[in-house]
Amino acid sequence: MLRANKKNVIIKVMETIIKKIDKNQIDENIIREAGEILREGGLVAFPTETVYGLGANALDEEAARKTYAAKGRPSDNPLIVHIADFDDLDEITMNVPPETEALAQRFWPGPLTMIFEKSRLVPYGTTGGLETVAVRMPSDPIAKELILAAGGYVSAPSANTSGRPSPTTAEHVWEDLNGKIEMIIDGGSVDIGLESTIVDMTVTPPMILRPGAITADMLEEVIGVVSVDETILGSESNQPPKAPGMKYRHYAPKAKLTIVQGSLKEEVFAIRQLAYEKARQGKTIGIIGTDETVEFYTHGLIKNIGSRENEKTIARNLYRILREFDEEDVSEIYSESFAIQGIGNAIMNRLEKAAGHCRIPASVITKEQKYRRIVFVSNTDTCRGPVAAQILKKQNLEQEYWIDSKGMVVLFPEPVNQKAEAIMKSNQMSLEGYTSRKLTQRDLNPDTLVLTMGMNQKEKILAEYEHSEEAYTDNVYTLNEFVGDNLEIPDPYGQPLTAYGECYEKITLLIEKLAKILNSFTKGGQ
Ligand code: TXA
Ligand code: MG
């Protein structure tokens with residue numbers, strides 16, 4: 001296709017064909033057509049079980065050059081050669097160590113790449129000038145068929161523009177490479193979502209250069225001790241990584257990404273605080289949260305990466321979510337961190353790279369905070385407590401708090417008192433949908449400021465919990481006591497609407513004082 005660019009120079013734009021293939025019923029015609037393109041030196045993106053690859057004939061120097069050009073990738077960054085038959089390994093390698101066979105038997109086809117000395121058959125264009133070659137036998141049936149159709153040796157880097165997150169769907173490939181390659185084979189979403197584990201077999205013991213779904217433990221079960229390139233995690237090492245590709249800022253979304261580190265609870269509090277601060281500046285931050293935590297975020301654009309119970313899902317979702325943030329108007333992105341075990345190693349390695357190693361301890365953000373949570377306690381949690389909580393949420397607080405209310409006697413969840421709701425509505429607020437909840441021992445802890453509506457709830461709490469080992473009662477005050485006011489809040493229950501109105505006014509006065517006190521804590525007060 002010919003197209004005129006802005007300066008009216010005619011440039012050639014390639015037509016990228018997309019072909020859908022069902023893994024379980026592979027259309028041989030498409031495979032034949034794609035194989036033909038590769039044999040003729042063209043580029044075809046195809047699914048593998050890890051990420052989509054950008055295929056080319058691995059034995060053709062010119063095809064390697066096109067691969068680098070399409071990706072915008074530095075040509076010193078070597079490509080992985082994909083094979084479909086273990087016997088083909090011999091042709092492209094030399095001095096293959098004896099452990100290889102056991103590893104191949106256990107993990108091939110699969111998400112493991114091994115590095116060997118290259119044979120003369122492999123051009124330097126493919127290996128980025130190195131004397132070694134990386135080889136992998138993918139398990140995806142489409143990949144296997146395509147490699148065979150192309151003649152047995154297909155070089156394939158991840159099919160993304162260099163620097164962007166690797167593609168886990170054909171749509172991602174299209175976003176990056178449309179118009180630059182001949183064909184995309186759409187085989188649906190990939191299974192694993194992170195690139196293969198790379199092991200250098202030319203050193204003793206073999207060394208992991210890039211973590212992936214095949215973990216160090218799994219390798220050691222088969223061949224005994226393996227070593228790990230120390231540059232894989234963290235930015236402390238002065239050494240360049242042994243896999244050239246690992247040195248580039250990679251997998252990166254457009255917005256700056258920071259990993260928050262601490263206990264999960266600390267991380268959530270820190271990200272809540274960050275999201276709140278930015279929201280006060282009129283900005284929206286992106287948040288990478290999990291099934292376990294998303295409900296706790298109130299500000300920011302939140303993306304759920306999956307359950308911490310199922311790290312495979314987290315691995316599968318990571319690149320998609322990083323890409324999705326590129327479509328959103330977020331100023332920065334903050335992510336929770338993940339346990340560095342099993343595939344968690346690979347998840348954190350990619351997340352660290354996406355973040356350019358930018359991490360922040362959660363405690364740095366939360367340490368100034370005297371209280372993180374404020375709970376207003378009334379008798380039934382249907383009127384004064386929820387009203388106080390709602391008014392406080394509307395105050396101009398400099399710090400983020402988890403603001404809540406609880407009742408002393410709540411036998412079952414009840415909606416807010418109708419008169420209270422009428423008063424809220426006349427003040428442009430609402431508690432619609434709120435249902436009452438009972439105060440429990442878990443509300444009594446050093447993080448939480450407990451403010452009761454009257455003296456009797458405070459006395460009841462102390463009587464019930466003061467001697468309990470697990471409950472922390474030093475933060476329990478009546479609201480007026482805490483703000484230094486002797487204005488008692490009357491219980492309007494059963495009285496006319498005007499009594500509810502007066503109660504609202506009194507609570508508002510106290511809450512305004514409370515907001516000032518809370519803001520004084522953040523000005524270096526405590
Ligand atoms: O899962 C995967 O491995 C995917 C799919 C498509 O197979 N491919 C992939 O390729 O991730 P790529 O090019 O995005 O990453 C290959 C990595 C780079 O970091 C590169 O530097 C390293 O492998 N590598 C390749 N050959 C090497 C060699 N001879 N020595 C050291 N590192 C090598
Ligand atoms: Mg890549």
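Which ring does the charged end of Arg372 sit over? The ring is that of Phe269, and its centre is 5.1 Å away. A second case involves Lys118, which lies over the face of Tyr124 at 4.2 Å from the ring centre. A charge sits over a ring if NZ of Lys or CZ of Arg is within 6 Å of the ring centre and within 35 degrees of the ring normal.

This is a predicted model, in which local features need pLDDT of at least 70 and side-chain atom pairs count only at pLDDT 80 or more, while totals for chains, interfaces and linings use all residues. Residues are numbered from 1 along each chain as its sequence is written, chains are lettered from A and ligands numbered from 1 in the order in which they are written, and side-chain values use heavy atoms, with hydrogens and water left out.

## Salt bridges

A search of the whole structure finds 30 salt bridges. A salt bridge is a side-chain nitrogen of Lys or Arg within 4 Å of a carboxyl oxygen of Asp or Glu. Three of them are listed here.

| Arg164 | Asp326 | 2.7 Å |

Take Arg164 and Asp326, which form a salt bridge. Their pair links distant parts of the chain, 162 residues apart. Arg164 is in the loop between strand E10 (154-155) and helix H7 (170-177), and Asp326 is in helix H10 (residues 311-326). Helices (H or I, at least four residues) and strands (E, at least two) are DSSP runs, numbered from the N terminus. Both Arg164 and Asp326 are buried. Buried means under 20% relative accessible area, exposed means over 50%, and partly exposed lies in between (1.4 Å probe, protein chains only).

Arg323 lies in helix H10 and Glu175 in helix H7, so the pair ties together parts that are 148 residues apart in sequence. Arg323 counts as buried, because its relative accessibility is 3%. Glu175 counts as partly exposed at 42%.

These residues belong to one network. Salt bridges link Arg164, Glu175, Asp176, Arg323 and Asp326.

Lys303 is buried, with a relative accessible area of 13%. Glu328 is partly exposed, at 31%.

## Cysteines and rings

How many disulfides does the rule give? The count comes to zero. A disulfide is a pair of cysteine sulfur atoms within 2.5 Å. The cysteine sulfur closest to that of Cys383 is in Cys503, at 5.5 Å, so it is too far for a bond. Cys383 is buried, with a relative accessible area of 12%. Cys503 is buried too, at 2%.

Five aromatic pairs turn up in a search of the whole structure. Rings of Phe, Tyr and Trp (its six-membered ring) pair if their centres lie within 6.5 Å; planes under 30 degrees apart count as stacked, over 60 as edge-to-face and the rest as tilted. Ring pairs join Tyr371, Tyr477, Phe482 and Phe521 into a cluster.

## Backbone exceptions

Most residues other than glycine have a negative phi, and most peptide bonds are trans. Asn95 is not a glycine, yet has a positive phi of about 50 degrees. Asn95 is found in the loop between strand E7 (93-94) and H4, and is exposed, with a relative accessible area of 60%. Gln428, also not a glycine, has a positive phi of about 60 degrees. Gln428 is in the loop between H14 and strand E22 (448-452). Its relative accessible area is 69%, so Gln428 is exposed.

Two peptide bonds also deserve a look. The one from Trp108 to Pro109 is cis, with omega near -5 degrees. Pro109 lies in the loop between helix H4 (99-107) and strand E8 (112-118). Another cis peptide bond joins Thr204 and Pro205, with omega about -10 degrees. Pro205 is in the loop between strand E12 (197-200) and strand E13 (207-210).
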